[in-house]
Amino acid sequence: MPRARRLLIALALAALAVEGAAARGAGAPASGKAGAPPESAPRVLTVEVRGAITVGTSEHLAAALRRAAEQRLDAVAVVLDTPGGALEATREIVRAMLASPVPVLVWVGPAGARAGSAGVFVLLAADLAAMDPSTNVGAAHPVTGTGQDVAEAAGKEMARKVENDAAAFARTVAEAHGRNVAWAEQAVRESVAVTATEALRLRVIDLVAPSLREALDAADGRVATSPSGVRMLRTRDAVLEPFPKTIRQRALSIVADPNTAALLMLLGTLGIALELYHPGSIVPGVVGGLCLLLAFVAMQAVPVDVGAVLLVVTGVALLVVEGYVPAHGLAGLGGAACVVLGTLFFVDRTSPDYLFDPAAFSLSPWLVWPTPLALCAVLGFVAWKVARARRAPLQLGSTALVGSLGEALAGVDAGGGEVFVHGEYWRARSRSPIAAGARVRVVAVEGLTVTVETAAAGEER
């Protein structure tokens with residue numbers, strides 16, 4: 001009997017355990033919140049690349065890929081819309097994407113977006129490339145900031161060198177993921193551009209999707225090859241985790257804009273010039289020095305013409321000289337011309353380190369003309385005030401008393417008297433007698449005695 005009783009108790013406990021497990025299985029989701037995604041849902045890190053590709057862009061994407069690898073996420077999704085950018089920054093992005101153990105999906109969107117110039121390489125380097133139906137890709141031939149061919153700006157040898165290097169880069173990236181190598185080379189050598197539908201037909205991309213979410217759902221189950229091996233994509237109904245730029249990365253992107261670099265250069269030189277006009281004012285010098293330091297940082301990120309920088313510096317120096325040397329305006333006009341020309345040629349249009357659409361790395365006309373002219377106007381006004389001050393009579397010391405008006409405190413004659421001038425009491429004398437309380441004007445100063453005469457009615461000083 002005892003053995004049979006123990007057997008019945010064991011069976012009862014087993015039945016209770018099974019019932020409890022069934023109840024838990026029929027309950028709420030694992031997260032404990034109605035409608036919340038299950039814990040096993042795929043996680044995808046999303047990164048936005050909009051505008052010109054710069055050093056800040058490459059640092060942002062590299063950080064996102066590191067985060068995804070550390071947290072063992074299922075994929076990284078890049079939303080791309082760019083006219084192009086720095087070739088070296090693009091190479092860094094491509095290296096990071098090809099070496100990433102986490103699959104990378106690049107989607108060109110939303111509608112109207114493009115993957116131009118340097119953006120072509122980023123799209124080709126993706127494990128899975130997708131585009132919105134109303135987007136385009138291509139035109140990766142190296143050009144200058146005004147659209148001029150490199151051969152016209154820097155010579156045929158430099159043009160051939162830049163083109164061959166970019167074409168080889170495009171072929172290498174296309175081969176890495178089995179994409180259309182011939183088209184990739186055409187995009188560089190012939191500036192070929194295609195729509196999303198044509199890109200799919202030419203095997204430039206893997207799919208067309210009107211949204212990032214649909215692109216991720218369509219990519220689910222596809223195979224991606226990475227340094228860690230072959231991996232099947234798990235992206236359907238994924239939890240999207242945005243990865244925004246840090247303050248440093250935003251600052252790098254802003255500084256890398258040639259408009260920002262030129263503006264910092266102008267503000268820096270303006271601050272230094274104002275400090276030279278008014279030594280000891282400190283604030284203009286400190287602000288100007290900081291702007292110049294930031295401008296030098298920006299010059300490491302954008303192609304800047306050294307000659308243009310020298311023109312700007314020379315122009316500001318001439319404007320400063322105008323305030324100290326009587327050049328009859330010639331130094332000021334020459335300085336204004338140098339500043340305007342330096343701003344016009346600020347971007348080095350022959351640099352082989354950039355692949356960009358003419359609009360991506362060019363100076364805004366609102367910066368090229370109004371800003372230098374405003375700078376020249378400010379410095380010209382300061383120079384005029386300095387020159388006027390240099391010609392004005394002294395306002396300090398005994399010399400400043402000559403011509404000043406005062407009041408006779410007592411009768412003044414050749415033997416002496418007392419007057420009140422400049423808030424001070426002075427011994428005085430006069431060639432002709434002056435009554436007490438009369439208005440007097442100082443005509444000479446000898447030691448601590450002033451020579452005065454009766455002031456004319458309505459006279460001011």
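1. Let me begin with Thr 90, which has 0% relative accessibility and therefore counts as buried, the cut-off being under 20%. Please keep in mind that this is a predicted model. Thr 90 sits in helix H3, residues 87–99. Beyond its neighbours within four places in sequence, Thr 90 is in contact with Ile 53, Ala 118, Phe 121, Val 122 and Phe 169.

2. What else is buried in H3? Besides Thr 90, the buried residues of H3 are Leu 87, Ala 89, Arg 91, Ile 93, Val 94 and Met 97. The helix geometry checks out too: H3 has 13 residues, which at 1.5 Å a residue should span 18 Å, and its end C-alpha atoms are 18 Å apart, so the two agree.

3. Now for the whole chain. The protein has 461 residues, of which 43% count as buried. Its secondary structure consists of 16 helices and 18 strands. If we take contacts between residues at least 6 apart in sequence, 67% of them join residues at least 24 apart. The accessible surface comes to about 23,400 Å², and carbon and sulfur atoms account for 61% of that.

4. In which order do the strands of the open sheet lie? The six strands follow the order E9-E6-E4-E2-E1-E12, with parallel pairing. At the edges are strand E9 (207–208) and strand E12 (239–242), each of which pairs on one side only.

5. E6 (residues 128–131) pairs in the parallel sense with strand E4 (residues 104–108) over four bridges, and Val 108 has Met 131 of E6 as its bridge partner. With E9, E6 forms two bridges, again in the parallel sense; here Ala 130 stands opposite Leu 207 of E9. Both faces of E6 are covered: Leu 128 and Ala 130 are buried on one side, and Ala 129 and Met 131 are buried on the other.

6. Helix H2 (residues 55–70) lies across strand E1 (43–50), strand E2 (75–81) and E4, and runs at about 180° to E1. H2 has 16 residues and reaches 23 Å from its first C-alpha to its last, close to the 22 Å expected at 1.5 Å a residue. Its buried residues are Gly 56, Thr 57, Ser 58, His 60, Leu 61, Ala 63, Ala 64, Leu 65 and Ala 68. What do the buried residues of H2 pack against? Their partners are E1, E2, H3, E4 and helix H10 (247–255). After H2 comes Arg 72, with a positive phi near 50°.

7. A further helix, H9 (residues 212–219), lies across E1, E2, E4, E6, E9 and E12. H9 runs at about 140° to E4.

8. On hydrophobic packing, a general remark first: in soluble globular proteins, nonpolar side chains tend to be buried together. The largest nonpolar core here has 53 residues, and those with the most contacts inside it are Val 76, Met 97, Val 106, Leu 123, Met 131 and Val 137. Another core lies apart from it, with 17 residues, among them Val 44, Val 79, Ala 130 and Ala 215. Not counting residues up to four places away in sequence, Val 106 touches residues including Val 78, Leu 80, Met 97, Val 122 and Leu 123.

9. Helix H14 (residues 330–344) deserves a look as well. Its 15 residues should span 21 Å at 1.5 Å a residue, and the end C-alpha atoms are 21 Å apart, so expectation and model agree. Buried residues in H14 include Ala 331, Gly 332, Gly 335, Ala 336, Cys 338 and Val 339.

10. Last, the strands later in the chain. Strand E15 (residues 418–421) and strand E16 (residues 424–429) run antiparallel and are joined by four bridges, with Glu 418 opposite Arg 427 of E16. E15 and E16 form a hairpin with two residues between them, and His 422 in the turn has a positive phi of about 55°. E16 also runs parallel to strand E18 (residues 449–454), joined by three bridges; there the bridge partner of Arg 429 is Thr 451.

How values were computed. Residues numbered from 1 in each chain as written. Predicted model: local features only at pLDDT ≥ 70, side-chain atom pairs only at ≥ 80, totals over all residues. Heavy atoms only, no water. Expected span 1.5 Å × (residues − 1). Buried < 20%, exposed > 50% of the residue type's maximum accessible area, 1.4 Å probe, protein only. Pairing = 2+ DSSP bridges. Contact = heavy atoms within 4.5 Å. Axes fitted to C-alpha atoms, helices over the stretch in contact; angles between N-to-C directions. Areas by Shrake-Rupley, 256 points an atom, 1.4 Å probe, with all protein chains shown as cover. Core = buried A, V, L, I, M, F, W, Y, C linked by side-chain atoms within 4.5 Å.
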